[in-house]
Amino acid sequence: MDDRTRFLILSLGGESYALPITRLLEIMVPRDIQKDANLTAMFEGKIEFRGKLIPVLNIKKIFQLPGALGATLLVVKSVKGTVGLLVDAVTEIMDTEQKPLPLPKGVINPTLQYYSGALRYKENIVLLLNEDGLLP
């Protein structure tokens, strides 16, 4: 039995984050994002994906990061449905045997549900995004 796990390493505002690759449906260039007044300000709008309109979440707005709109759209499945996540770039796929570490107490506000753990990536620690916790 293989105990290896794969994570997508992505860049957002100059920092690296991880996302479980099992949640990823597609990586694409964001095109034709349609504004939708029914969505909160965290969303850029909706995009057509496989015949359905899905919401597009701007993660930079959640984290209050400056900069241009992300150049890469990750289409992921969450407990609330399929959603697009705008990020700056995808840097690589990490294939590892390590399991995510719990976040140390006192480092990140425990009421924030944006993260589900941390991983050692090269010589750094990256936060593992919780795609379900990013959604309002």
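Colleague: As what does lysine 61 count at 36% relative accessibility?

Modeller: This is a predicted model, in which local features need pLDDT of at least 70, side-chain atom pairs count only at pLDDT 80 or more, and totals for chains, interfaces and linings use all residues. Residues are numbered from 1 along each chain as its sequence is written, and side-chain values use heavy atoms, with hydrogens and water left out. Buried means under 20% relative accessible area, exposed over 50%, and partly exposed in between (1.4 Å probe, protein chains only). At 36% relative accessibility, lysine 61 therefore counts as partly exposed.

Colleague: How many Å apart are the closest N and O atoms of glutamate 44 and lysine 61?

Modeller: Side chains of opposite charge can pair when their charged atoms come close. A salt bridge is a side-chain nitrogen of Lys or Arg within 4 Å of a carboxyl oxygen of Asp or Glu. Glutamate 44 counts as buried, at 11% relative accessibility. In its salt bridge with lysine 61, the closest N and O atoms are apart by 3.0 Å.

Colleague: Which residues do salt bridges that share partners join into one network?

Modeller: Helices (H or I, at least four residues) and strands (E, at least two) are DSSP runs, numbered from the N terminus. Glutamate 44 lies in strand β4 and lysine 61 in helix α1, so this pair ties together parts that are 17 residues apart in sequence. Through shared partners, salt bridges make one network of Lys35, Glu44 and Lys61.

Colleague: Which residue meets the side chain of arginine 50 in a salt bridge?

Modeller: Arginine 50 lies in the loop between β4 (43-49) and β5 (52-58), and its phi is near 50°, a positive value in a residue other than glycine. Arginine 50 is exposed, with a relative accessible area of 60%. The salt bridge, at 3.5 Å from N to O, joins the side chain of arginine 50 to that of glutamate 26.

Colleague: How many residues apart in sequence are the parts that glutamate 26 and arginine 50 tie together?

Modeller: Glutamate 26 is partly exposed, its relative accessible area being 30%. It belongs to strand β3 (residues 24-28), whereas arginine 50 is in the loop between β4 and β5, so the distance in sequence is 24 residues.

Colleague: Which members of the largest nonpolar core touch the most other members?

Modeller: In soluble globular proteins, nonpolar side chains tend to be buried together. A nonpolar core is a set of buried Ala, Val, Leu, Ile, Met, Phe, Trp, Tyr and Cys residues joined through side-chain atoms within 4.5 Å. The largest one has 20 residues, and those touching the most other members are Leu10, Ile59, Phe63, Leu74, Leu85 and Leu129.

Colleague: With which residues is isoleucine 59 in contact, leaving aside its neighbours within four places in sequence?

Modeller: Contact means heavy atoms within 4.5 Å. Apart from those neighbours, isoleucine 59 is in contact with Leu12, Leu85, Leu86, Val87, Leu129 and Leu134.

Colleague: Which are the edge strands of the open sheet of 5 strands?

Modeller: Two strands pair if DSSP finds at least two bridges between them. The order of this sheet is β8-β1-β2-β10-β9, with mixed pairing. Pairing on one side only marks the edge strands, β8 (89-96) and β9 (115-121).

Colleague: Which residue in β10 stands opposite alanine 118?

Modeller: Strand β10 (residues 124-129) pairs with β9 in the antiparallel sense over 6 bridges. Opposite alanine 118 stands leucine 127.
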